[in-house]
Amino acid sequence: MRLGIDSGNFWTKSSTEFSYQSGCIECAAEPVAADNRIVYENRFYSVGECRDAIETDKTENDNMFLQMLPAVGQAIVSRKLKPEQELELGVGTPLKRYGRDADKYQEYFRDRKFSFLWNGNPYSITVTRVEVYPQGYAAYLANYDKFSKYAELNVVDIGGGTVDAFRISGGMPITSTFVSLNIGVITLTNRCRDDLEPEGIYISENQICSSVKEEENLHLKAELINRVCRIQRDQYIKDLLYRLRERGFDFSVPTLFIGGGAMLLMKFWEQYQINTVGCLDAMANARAYEALLDRVM
């Protein structure tokens, strides 16, 4: 089985269009109500109920591995495969950390052989191959035919923890423009939370994102929540564009956005005179990791 997994700081996504929050809680006994119940090495976990803290080096513990198990189980179920599988895995790292982290990710996943229960069903997996790709760039490569017509192109991948950006010229990336900024949309949700909590308002990141997108809000203090989220959203976009322009990005040039953070802010880009030519969804990197498994970076 081939599978791409994007282990984001906000959400874990797979190439089968499966996603859940990147968090893992160990439980004293098997959780009854959790959607993603894992039993691994006789220990019980609930995956996806909350988000773990941002980790710069995700290979230092087993959190990333445990968080991928529901995606593996779901892929087997959705593809109607046998529960014993050899797995070819495509994963990604932030753009600027690719050279430093690619070998670490290879070592972390390679040659793993493990069994686990997902929602009560047993699976046995042997990882036979791992390929590591730079996020954002992988999604661009997988969609090259759609955007190769642009002689010049900005590519901006907005995730939970990082924003990865680079420029394309003549269909080729300009490596000197590769930028990774630690200002993903978790920065935005934290700013909103910091403004709301002194007012006695404690809401989830999902509720904050809903207000950021200006969706219907039925909270008793909806007016205040929406105002805070709007102000912080606009400031976040201004800060992000300023930092990218400071690094030489000209947004009058055609610009491709990628990722869940980009989708969250998609309908607001036009207010900032950005020449947007596309926005690839939150699953774009995960799909790319599987599609590019035969193209070693």
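The model is predicted: local features need pLDDT of at least 70, side-chain atom pairs count only at pLDDT 80 or more, and totals for chains, interfaces and linings use all residues. Residues are numbered from 1 along each chain as its sequence is written, and side-chain values use heavy atoms, with hydrogens and water left out. Helices (H or I, at least four residues) and strands (E, at least two) are DSSP runs numbered from the N terminus.

**Helix H2**

- H2 spans residues 98–109, 12 residues in total, and reaches 16 Å from its first C-alpha to its last. That is close to the 16 Å expected at 1.5 Å a residue, the expected span being 1.5 Å times one less than the number of residues.
- Tyr 98, Asp 101, Ala 102, Tyr 105, Gln 106, Tyr 108 and Phe 109 are the buried residues of H2 (under 20% relative accessible area, with exposed over 50% and partly exposed in between; 1.4 Å probe, protein chains only).
- Seen down the axis of H2, these buried residues fall within an arc of 160°, so they line one face of the helix; the arc is that of the directions from the helix axis to the C-beta atoms.
- The face turned away from the buried side of H2 carries the exposed residues Gly 99, Asp 103 and Glu 107.
- Asp 111, with a positive phi near 65°, follows H2.

**The five-strand sheet**

- Five strands form an open sheet in the order S12-S11-S10-S13-S14, with mixed pairing; two strands pair if DSSP finds at least two bridges between them.
- S12 (172–181) and S14 (276–280) stand at the edges, each with a single partner strand, so one side of each has no neighbour in the sheet.
- S10 (residues 152–158) and S13 (residues 255–258) run parallel and are joined by four bridges.
- Asp 157 stands opposite Ile 258 in S13.
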